[in-house]
Amino acid sequence: SGEYFERVELIRRYFEAPSFTTDVIVGFPGETEQEFKETLEFVKRVGFSHIHVFKYSKRAGTKAADMPEQIPEEMKSRRSDELISLSNLMALEYRKLFVGKIEEILIEETEEINGVKYQIGHNERYLKLAVLGEEERSNQLLMAKVTGFLTDEILLCEILH
């Protein structure tokens with residue numbers, strides 16, 4: 001984990017707001033509470049922009065299925081919920097870094113949110129961004145300034161002319 005963190009810091013030195021994502025399996029046989037806490041601390045230290053969290057599930061015929069110290073389902077669920085909550089918080093903090101920035105958006109779809117139509121797409125870091133408007137703009141690249149949040153997951157932008 002030390003070498004990984006060093007690489008993350010190196011990348012952060014040369015790139016503005018890089019996006020780091022990861023997959024984490026919780027509840028693998030033998031995972032102790034201390035090991036889970038260490039996972040949480042490492043995740044916080046790295047500051048991932050997104051984490052895919054999976055609960056370990058027993059698969060017949062695999063070595064892990066026969067390992068001792070299988071983790072109870074309720075413990076796997078608690079650990080999963082805790083890590084997902086942390087991931088959501090870190091993702092929100094990461095998106096906050098973009099408020100006020102100018103971003104290039106690839107528009108992908110029209111979506112109605114609270115009765116208002118938006119053109120929704122992603123930037124190069126795969127953040128979900130929206131601009132107000134009913135005009136179909138799918139597959140168009142737009143330059144826009146991030147003005148705030150439309151939802152917790154979608155940043156609201158103003159098209160630059």
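**Note on the predicted model: loops, barrel, cores and helix packing**

1. Asn 139 sits in the loop that joins strand 5 to strand 6 (141-149). The model is a predicted one, and in it the phi of Asn 139 is near 70 degrees, a positive value in a residue other than glycine.

2. Asn 114 belongs to the loop between strand 3 (102-113) and strand 4 (116-122). Its relative accessible area is 77%, so Asn 114 is exposed. For context, most residues other than glycine have a negative phi.

3. The strands named in points 1 and 2 take part in a closed barrel of 5 strands, in the order 3-4-5-7-6, with mixed pairing. On average, neighbouring strands of this sheet are turned by 50 degrees against each other, direction ignored.

4. Strand 5 (residues 128-132) pairs with strand 7 (residues 154-159) in the parallel sense, over 4 bridges. In this part of the sheet, Val 131 is found opposite Cys 157 of strand 7.

5. The largest nonpolar core contains 15 residues. Val 26, Val 43, Phe 48, Ile 51, Leu 83, Leu 86 and Met 90 have the most contacts inside this core. At least two of its residues come from each of helix 1 (2-14), strand 1 (21-26), helix 2 (33-46), strand 2 (50-55) and helix 3 (73-96). Helix 2 gives the largest share, 4 residues.

6. Another core, of 13 residues, lies apart from the largest one. Its members include Tyr 94, Ile 107, Ala 144 and Leu 155.

7. What does Leu 86 touch, not counting residues up to four places away in sequence? The partners are Leu 40, Val 43 and Lys 44. Both Leu 86 and Val 43 are listed among the residues with the most contacts inside the largest core.

8. Helix 1 and helix 2 pack with their axes 10 Å apart, at an angle of about 15 degrees. Because angles under 35 degrees count as roughly parallel, helix 1 is roughly parallel to helix 2. The crossing of the two helices is right-handed. At this contact, Tyr 4, Phe 5, Val 8 and Arg 12 of helix 1 meet Phe 42, Arg 45 and Val 46 of helix 2.

Notes:
Residues numbered from 1 in each chain as written. Predicted model: local features only at pLDDT ≥ 70, side-chain atom pairs only at ≥ 80, totals over all residues. Heavy atoms only, no water. Core = buried A, V, L, I, M, F, W, Y, C linked by side-chain atoms within 4.5 Å. Buried < 20%, exposed > 50% of the residue type's maximum accessible area, 1.4 Å probe, protein only. Contact = heavy atoms within 4.5 Å. Pairing = 2+ DSSP bridges. Axes fitted to C-alpha atoms, helices over the stretch in contact; angles between N-to-C directions. Parallel < 35°, antiparallel > 145°, perpendicular 65-115°, else oblique. Left-handed = near helix turned anticlockwise from the far one by under 90°.
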